[in-house]
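Colleague: I have a few questions about this model. Can we go through them one at a time?

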Amino acid sequence: MTSPTYATRRAQLETYFDRTAVEAWARLTSDAPVSRIRATVRAGRDAMRAELLSWLPADLSGRRLLDAGCGTGALAVAAARRGAEVVAVDVSPTLIGLARERTTAFGLPGRLDFRVGDMLDEGLGAFDHVVAMDSLIHYRTPDIVRALAALARRTETSLLFTVAPRTPLLTVMHTVGRLFPRGDRAPAIEPVGEDALRRRVAAEPGLAPFGIARSRRVTSGFYLSNAMELARR
Ligand SMILES: C[S@@+](CC[C@H](N)C(=O)[O-])C[C@H]1O[C@@H](n2cnc3c(N)ncnc32)[C@H](O)[C@@H]1O
């Protein structure tokens, strides 16, 4: 069962990614020109996607992979290109529509099934690998760990995810950001201290069969995110 804070945040993210920011997000995830600041974010996100993909087997034929919070589907496509049977889920129907539009022309060796919904929906089935790139960064640490435990129950091999590291600069940016009126602001990114996360992961019974196998920070201008791998022991 998900917590009230998880459900509230998911609803805010649905509004944000499905309406408020949908055009900006469509542009950021395309090849269209963007501002210098956004170009650093795009470059960082490309580097993060490449990093996460490098943590998966080169040949994904016959493996089931969940792209949890897939957005416009770039990682899902890359995994399907490597032969995976991909289920890609997002709470934003508009982003899923865009992902479907962008990928209909591809002849992919693997399968690619885009779904609208919650990444924690058990009906999505079981997977060899789960990847949640920048889709848990808006949740509070206890909700992140509970979400990972729920996903781990359906994961055979590895669970890759990212968190926003707690750095002094990021903390200042978030504190300042909170002073602005709500308006169209993005739901806050929740900085996560790596030590606190490791302690919570170690204490979560649902994650007992898994251990943190890798962690890698990706920084590019205004993009800052920490990739982590939970691997079955
Ligand atoms: C920052 S975007 C990243 C999208 C994609 N992973 C990428 O890297 O391009 C976060 C995405 O997670 C989705 N999301 C957030 N919470 C979710 C949930 N509980 N279930 C499914 N999708 C979720 C949002 O709708 C949004 O599209």
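Colleague: Which residues does Leu148 touch, not counting those up to four places away in sequence?
Modeller: This is a predicted model. Leu148 is one of the buried residues of H6. It is also among the residues with the most contacts inside the largest nonpolar core. Beyond its sequence neighbours, Leu148 touches Leu159, Phe161, Leu207 and Leu230.

Colleague: How many residues does the largest nonpolar core have?
Modeller: Those with the most contacts inside this core are Ala76, Val86, Ala88, Val131, Leu148 and Leu159. Leu159 is also touched by Leu148. The size of the core is 58 residues.

Colleague: How far does helix H6 reach from its first C-alpha to its last?
Modeller: H6 covers residues 141-152, twelve residues. At 1.5 Å a residue, 16 Å is expected. The reach in the model is close to that, at 16 Å.

Colleague: Which residues of H6 are buried?
Modeller: The cut-off is 20 or more other C-beta atoms within 10 Å. In H6, the residues that count as buried are Asp143, Ile144, Val145, Arg146, Ala147, Leu148, Leu151 and Ala152.

Colleague: Is Asp134 buried or exposed?
Modeller: Asp134 sits in the loop between strand S4 (127-132) and H6. Its phi is near 55 degrees, a positive value in a residue other than glycine. Most residues other than glycine have a negative phi. Asp134 has 22 C-beta neighbours inside 10 Å, so it counts as buried.

Colleague: Which element gives the most to the shell around the ligand?
Modeller: The ligand is surrounded by 18 residues, and the closest are Phe17, Gly69, Gly71, Met119 and Ser135. Helix H1 (4-20) and strand S2 (85-90) each supply at least two residues of the shell. With three residues, the element that gives the most is H1.

Colleague: Is Thr8 buried or exposed?
Modeller: Thr8 lies in helix H1. Its C-alpha is separated by 36 Å from that of Leu108, 100 residues apart along the chain. Exposed means 12 or fewer C-beta neighbours. Thr8 has 12 inside 10 Å, so it counts as exposed.

Colleague: Which residues is Arg27 in contact with, leaving aside neighbours within four places in sequence?
Modeller: Arg27 is found in helix H2. With 14 C-beta neighbours inside 10 Å, it counts as partly exposed. The C-alpha atoms of Arg27 and Arg38 are separated by 9.9 Å. The contacts of Arg27 are Ala32 and Val34.

Colleague: How far apart in space are Ala24 and Val192, C-alpha to C-alpha?
Modeller: Ala24 lies in helix H2, residues 22-28. It is partly exposed, with 13 other C-beta atoms within 10 Å. Ala24 and Val192 are 168 residues apart in sequence, and their distance in space is 26 Å.

Colleague: Which residues is Pro209 in contact with, leaving aside its neighbours within four places in sequence?
Modeller: Pro209 is in the loop between helix H8 (194-203) and strand S7 (210-220). It has 13 C-beta neighbours inside 10 Å, so it counts as partly exposed. The contacts are Arg232 and Arg233.

Conventions:
Residues are numbered from 1 along each chain as its sequence is written. This is a predicted model: local features need pLDDT of at least 70, side-chain atom pairs count only at pLDDT 80 or more; totals for chains, interfaces and linings use all residues. A residue is near a molecule or strand if its C-beta atom, placed from the backbone, lies within 6 Å of it. Helices (H or I, at least four residues) and strands (E, at least two) are DSSP runs, numbered from the N terminus. The expected span of a helix is 1.5 Å times one less than its number of residues. A nonpolar core is a set of buried Ala, Val, Leu, Ile, Met, Phe, Trp, Tyr and Cys residues joined through C-beta atoms within 7 Å. Two residues are in contact if their C-beta atoms, placed from the backbone, lie within 7 Å.
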